[in-house]
Amino acid sequence: MKTFKNGPLADWKQIEAGQMIPFLSSKSRRVKFQIVANSPIEIWAGTDDQLSDGVLIGASSDKAQVEYTCVGNSYVMVKAEKKSAVYINAPDIDQTVEESEKPSFTSIEPRVRNNTDVDRMMQLLKYNQQQNEAMLAKERENMRAEMAKRFADQPKAETVTEEASADDSGAETTS
């Protein structure tokens, strides 16, 4: 495929007669292109690359502008004499875009910069909280152990005599 480097001629690309030109899409689209040749041409379009359902969409002796709408992929073939020069201007094939200016990269959300003193104080605060929680947990564990020891050391006999003294409340019973 012969191409020109710059200017308005850069849009024109040489193709061979009978070459298949794909216009790939997953939805409906409008296809538009221009063709120039030095012999009579026929323009065929279809939905597969074999043109099994090909339709003649244009014929010209030298220049043609073709525009059609299709759903999904479409393929175009230009039939011309064997040694003729055929050029196509199809912006839909070449999707390259020139840079209009130098790219600028912007940050959507600026990075928040914390003061190093504030960061250090926050770390110290977290460290102090962890130490306090550890000390409280140790103190609670010691209190639980002491309470369990007191309940275990209390003699069972005292609890039984207390129950018996509660029965001697002085009330008379009939026997």
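Modeller: Strand E8 (residues 86-89) and strand E1 run antiparallel, joined by three bridges. Strands here are DSSP E runs of at least two residues, and helices are H or I runs of at least four; both are numbered from the N terminus. Take one bridge. Gln14 has Tyr87 in E8 as its partner. Two strands count as paired if DSSP finds at least two bridges between them.

A word on the source. This is a predicted model, where local features need pLDDT of at least 70 and side-chain atom pairs count only at pLDDT 80 or more, while totals for chains, interfaces and linings use all residues. Residues are numbered from 1 along each chain as its sequence is written, and side-chain values use heavy atoms, with hydrogens and water left out.

Now the sheet around that pair. It is open, with four strands in the order E1-E8-E3-E6. The pairing is antiparallel. Strand E1 (13-15) and strand E6 (63-71) are the edges. Each has a single partner strand, so one side of each lacks a neighbour in the sheet. From one strand to the next, the twist averages 35 degrees. Axes for such angles are lines fitted to C-alpha atoms, for helices over the stretch in contact, and angles run from 0 to 180 degrees between N-to-C directions. In general, strands of a sheet pair through backbone hydrogen bonds.

Next, the rings. A search of the whole structure gives one aromatic pair. Phe23 and Phe33 are stacked, 5.7 Å centre to centre, with 15 degrees between the planes. Rings of Phe, Tyr and Trp (its six-membered ring) pair if their centres lie within 6.5 Å; planes under 30 degrees apart are stacked, over 60 edge-to-face, and the rest tilted. Phe23 sits in strand E2 (residues 20-23) and Phe33 in strand E3 (residues 28-37), ten residues apart. Phe23 counts as buried, at 1% relative accessibility. Phe33 is buried too, with a relative accessible area of 1%. Buried means under 20% relative accessible area, exposed over 50%, and partly exposed in between (1.4 Å probe, protein chains only).

Lys79 lies over the face of Trp44, 4.9 Å from the ring centre. The rule asks for NZ of Lys or CZ of Arg within 6 Å of the ring centre and within 35 degrees of the ring normal.

Finally, the whole chain. It holds eight strands and two helices, in the order β-β-β-β-β-β-β-β-α-α from the N terminus. Of its 175 residues, 20% count as buried.
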